[in-house]
Amino acid sequence: SEWASTVGQVWLGVADPSGSGSTPGWFLRNVLLALTYQFRLEKAVTVLCYREDPGFEDISLSIVLEVQMSASRHLGPDPESFAPSVVGWPDNKLREVDLSSVMDPRQLAASSASLNLSLMKWRMCPALDLDRLSRTKCLLLGSGMLGCGVARTLLMWGITEFTFVDSADGVSYSNTLRQSLFGFNTVAERKPKAQAAAEACMAIFPLAKVSHHHVTIPMPGHPIDPSRVAAVSEQVALLSDLVRAADVVFLLTDSRESR
């Protein structure tokens, strides 16, 4: 009998995302206008706004509304030429939205790192200039135990542009327990140590700009074979350029002479 009494009425059921009392979600306005346009409605529409807690089927949270729709009032005198002005579709054109900041893992990592630094500034060091730190370019002379530790600390404090310089042809098994950027498999890769350190930093934080140079630092007072004078001169020139380009230079080599 209840169903028979509804003949001739218009019912609309929607999954309502709103949790605001008796106020439905905004999209309901668009749906009602579309129905009025399509069927030239001139009557009341009973709307069931179905709501539930996630995972719980509880219709008691839902609400029922009665909305009076009128094609002549809402669509104007010429419904065929009606151009709806609806919420959510401005100008009735598709628009491009960049969601990389919430979907790209690299952007998420950068956002999280920035949040950590902001919290440290807020709670421990209000005078900390995070922008200046982020612009700082560092040169790390040595990629051993000291170099690895300094690199990890630089990344932690938001300094992501630095250069490794080291003369070692590869990482040895004696390095992996003391030097935090290298693991057991790094030894088998047989990459120059500076390159291995740079790649490890970028694996930790892909947005870092870490370069590397396989260079021997000449030791003052040590003789140089005449056949190597030109090569050593090139290395000295490269080191001079790297030092001039850096804001901070870390002396992290393992010999007093090279320092």
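**Exercise 1. Is V102 buried or exposed, going by its relative accessibility?**

Solution. 
- Start with the source. This is a predicted model, in which local features need pLDDT of at least 70, side-chain atom pairs count only at pLDDT 80 or more, and totals for chains, interfaces and linings use all residues. Residues are numbered from 1 along each chain as its sequence is written, and side-chain values use heavy atoms, with hydrogens and water left out.
- Take the cut-offs. Buried means under 20% relative accessible area, exposed means over 50%, and partly exposed lies in between (1.4 Å probe, protein chains only).
- Apply them. V102 has 54% relative accessibility, so V102 counts as exposed.
- V102 sits in helix α3, residues 100–103. Helices (H or I, at least four residues) and strands (E, at least two) are DSSP runs, numbered from the N terminus.

**Exercise 2. Describe the sheet and find its edge strands.**

Solution. 
- Strands of a sheet pair through backbone hydrogen bonds, either parallel or antiparallel. Two strands count as paired if DSSP finds at least two bridges between them.
- Write the order. The open sheet has three strands, β1-β2-β3, with mixed pairing.
- Find the edges. β1 (10–15) and β3 (63–70) each have a single partner strand, so one side of each is left without a neighbour in the sheet.
- From one strand to the next, it averages 30 degrees. Axes are lines fitted to C-alpha atoms, for helices over the stretch in contact, and angles run from 0 to 180 degrees between N-to-C directions.
- Check one pair. β1 runs parallel to β2 (residues 42–50), with six bridges. V10 has V45 in β2 as its bridge partner.

**Exercise 3. How exposed are K191 and E199?**

Solution. 
- Find the pair. Their side chains meet in a salt bridge at 2.6 Å, N to O.
- Read the values. K191 is partly exposed because its relative accessibility is 26%. E199 is partly exposed too, at 31%.

Conventions. Salt bridge = Lys/Arg side-chain N within 4 Å of Asp/Glu carboxyl O.
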